[in-house]
Amino acid sequence: MSLDQQFNEAAEKVKTFTKRPSDQELLELYALFKQASVGDNTTDKPGMFDLKGKAKWQAWSDKKGTSQDAAKEAYVKFVEELTAKYL
């Protein structure tokens, strides 16, 4: 199975979790997904009152420089780890 297929399958698997991952795990999922699908974060930083937006923006920015393929591999691996806990 190709890396893209594994990535898409992992993204679908996350939607089937029966329990909600922790906020930190959700941020990691978000950051890896965005890095894998879009690449480096080039968006403007959200305003100081948008705490959730800032956290997501920062998590994604922390992945800067990671190749999209490496982010896909990390995402697939992370989803496999979470599946044991939340499925």
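**Entry 1: a word to settle.** I take contact to mean heavy atoms within 4.5 Å. With that in hand, I looked up what covers the buried residues of α4, and the list includes α1 and α2. I also noted that this is a predicted model.

**Entry 2: helix α1.** I checked the length of α1, which runs over residues 3-14. At 1.5 Å a residue, its 12 residues should span 16 Å, and I found the end C-alpha atoms 17 Å apart, which agrees. Next I asked myself: which residues in α1 are buried? They are Phe7, Ala10 and Ala11. Looking down the axis of α1, I saw these buried residues fall within an arc of 100°, so they line one face of the helix. I then looked for the cover over the buried residues of α1, and it includes α2 (23-37) and α4 (68-86).

**Entry 3: Glu12.** I stayed in helix α1 and picked Glu12. Its relative accessible area is 46%, so I wrote down Glu12 as partly exposed. Glu12 and Leu82 are 70 residues apart in sequence, yet I found 13 Å between their C-alpha atoms.

**Entry 4: α1 against α4.** At what angle do α1 and α4 pack? I read about 40°, with their axes 9 Å apart. The two helices are therefore oblique to each other, and I noted that the crossing of α1 and α4 is left-handed. I listed some of the residues that meet here: the α1 side includes Phe7, Ala10, Ala11 and Lys13, and the α4 side includes Tyr75, Val76, Val79 and Thr83.

**Entry 5: helix α4.** I repeated the length check on α4. Its 19 residues should span 27 Å at 1.5 Å a residue, and the end C-alpha atoms are 26 Å apart, which agrees. The buried residues in α4 are Ala71, Lys72, Tyr75, Val76, Phe78, Val79, Leu82, Thr83 and Tyr86.

**Entry 6: Thr83.** I zoomed in on Thr83, which sits in helix α4. Is Thr83 buried or exposed? With a relative accessible area of 15%, Thr83 is buried, because buried means under 20%. Setting aside neighbours within four places in sequence, I found Thr83 in contact with Lys13 and Phe17.

**Entry 7: Glu25.** I moved to helix α2 and looked up Glu25. Glu25 has a relative accessible area of 10%, so I marked Glu25 as buried. What is Glu25 in contact with, leaving aside neighbours within four places in sequence? I found Phe78, Leu82, Lys85 and Tyr86. Two of the names here, Phe78 and Leu82, had already come up among the buried residues of α4. I also compared Glu25 with Gln6: they are 19 residues apart in sequence and 19 Å apart in space, C-alpha to C-alpha.

**Entry 8: α2 against α3.** My last stop was α2 and helix α3, which covers residues 51-61. Their axes come within 8 Å and cross at roughly 55°, and α2 and α3 are therefore oblique to each other. I noted a right-handed crossing for this pair. On the α2 side I found Leu27, Tyr30, Ala31, Lys34 and Gln35, and they meet Ala55, Lys56, Ala59 and Trp60 in α3.

Conventions:
Residues are numbered from 1 along each chain as its sequence is written. This is a predicted model: local features need pLDDT of at least 70, side-chain atom pairs count only at pLDDT 80 or more; totals for chains, interfaces and linings use all residues. Side-chain values use heavy atoms; hydrogens and water are left out. Helices (H or I, at least four residues) and strands (E, at least two) are DSSP runs, numbered from the N terminus. The expected span of a helix is 1.5 Å times one less than its number of residues. Buried means under 20% relative accessible area, exposed over 50%, partly exposed in between (1.4 Å probe, protein chains only). The arc is that of the directions from the helix axis to the C-beta atoms. Axes are lines fitted to C-alpha atoms, for helices over the stretch in contact, and angles run from 0 to 180 degrees between N-to-C directions. Angles under 35 degrees count as roughly parallel, over 145 as roughly antiparallel, 65 to 115 as roughly perpendicular and the rest as oblique. A crossing is left-handed if the near helix is turned anticlockwise from the far one by less than a right angle, and right-handed if clockwise.
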